[in-house]
Amino acid sequence: MKYFVANWKANKNFEEASLWINIFTKQAVVDEETRVIICPPYPLLYPLSQKIKKLKNIYLGVQNVSIFDNGAYTGEVTAQILEGLASFAIVGHSERRKYFNENDLDMEKKIHQAKKYHLEPILCVRDHKDKIPLGVKIVAYEPVGAIGTGLNEKLPKVLAMKQKLNLASETFFLYGGSVNETNAKEYLTSGEIAGFLVGGASLDPIKFSRIVNL
Ligand code: PGA
């Protein structure tokens, strides 16, 4: 199984997202061994869920989830609210750790909340110092210096980090950080990397479909 996660971050309105889906679905070959996970801003989840509901192996994910259950938490979006709208939840992206001071304890709470409401967590780690709670099935290694810089981390270093993370054999290990249609193939052909978390290149449906089609 290969996972291709499109992390749109704080980008795209509904019109742009609709166009993206129209183009992507014409270009991408999404077979039974492929899972495409589109992670839009929250307000687009419902309209996009309607657009993709007949498409096979294309799912929606969220970019973050609250540590809380429903309640008096102004501005929060809880896993309970998201249940049924999305299937996956990115947890612990380095931008959240950096700009919102999220820590390992928050990750545990978010993973708990996600699982409780049937969102499969995709845990992002910056390196082996970020804790990986038991039972996390999808881990994305995203070295900070590679994110949004065009400086993707070379395969040997990524594999060395995979070793250090000491993951359970059934864990899916993804790489993220300046992945594009040119550099993605080498990671995949190693047979050690189960897919990608893609930021910048995922904003363009043609570029992202080329990565999915590799
Ligand atoms: P990038 O972002 O592909 O733009 O480097 C990756 C990420 O932050 O998930």
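Lys-9 is partly exposed, with a relative accessible area of 22%; here buried means under 20% relative accessible area, exposed over 50%, and partly exposed in between (1.4 Å probe, protein chains only). The structure is a predicted model, in which local features need pLDDT of at least 70 and side-chain atom pairs count only at pLDDT 80 or more, while totals for chains, interfaces and linings use all residues. Residues are numbered from 1 along each chain as its sequence is written, and side-chain values use heavy atoms, with hydrogens and water left out.

**Ligand site**

Lys-9 belongs to the loop between strand S1 (2-7) and helix H1 (14-27); helices (H or I, at least four residues) and strands (E, at least two) are DSSP runs, numbered from the N terminus. The backbone of Lys-9 has a positive phi of about 50°, although Lys-9 is not a glycine. An N or O atom in the side chain of Lys-9 is 2.7 Å from an oxygen atom of the ligand, a polar contact being a pair of N or O atoms within 3.5 Å; within protein, one must be able to donate a hydrogen and the other to accept it, and residues adjacent in sequence count only if both atoms are side-chain atoms. A polar backbone atom of Gly-148 is 2.7 Å from an oxygen atom of the ligand, and a backbone N or O atom of Ser-178 also lies 2.7 Å from a ligand oxygen. The protein covers 95% of the 280 Å² of accessible area that the ligand has on its own, as given by the Shrake-Rupley method with a 1.4 Å probe (for residues, only the protein chains shown count as cover).

Around the ligand there are 13 residues, of which Lys-9, His-93, Gly-148, Ser-178 and Gly-200 come nearest; a residue is near a molecule or strand if one of its heavy atoms lies within 4 Å of it. The shell comprises four nonpolar, seven polar and two charged residues. In this classification Ala, Val, Leu, Ile, Met, Phe, Trp, Tyr, Cys and Pro count as nonpolar, Asp, Glu, Lys and Arg as charged, and the others, Gly among them, as polar.

Asn-101 has a positive phi of about 55° although it is not a glycine. Asn-101 is placed in the loop between helix H4 (94-99) and helix H5 (104-116), and is exposed at a relative accessible area of 61%.

**Salt bridges**

The structure holds 13 salt bridges, each defined as a side-chain nitrogen of Lys or Arg within 4 Å of a carboxyl oxygen of Asp or Glu. Among them are the following pairs.

| Pair | N to O distance |
|---|---|
| Asp-69 and Lys-116 | 2.8 Å |
| Glu-120 and Lys-137 | 3.6 Å |
| Glu-181 and Arg-210 | 2.8 Å |

The side chains of Asp-69 and Lys-116 meet in a salt bridge. Asp-69 lies in the loop between strand S3 (58-62) and helix H3 (79-82) and Lys-116 in helix H5, so this pair ties together parts that are 47 residues apart in sequence. Asp-69 is partly exposed at 27%, and Lys-116 is partly exposed at 38%.

Glu-120 forms a salt bridge with Lys-137. Glu-120 is in strand S5 (residues 120-125) and Lys-137 in the loop between S5 and strand S6 (138-141), so the pair joins parts 17 residues apart in sequence. Glu-120 is partly exposed, with a relative accessible area of 22%, and Lys-137 is partly exposed at 44%.

Glu-181 forms a salt bridge with Arg-210. This pair links distant parts of the chain, 29 residues apart: Glu-181 is in the loop between strand S7 (172-176) and helix H7 (184-189), and Arg-210 is in helix H8 (residues 205-212). Glu-181 counts as partly exposed at 24% relative accessibility, and Arg-210 is partly exposed at 46%.
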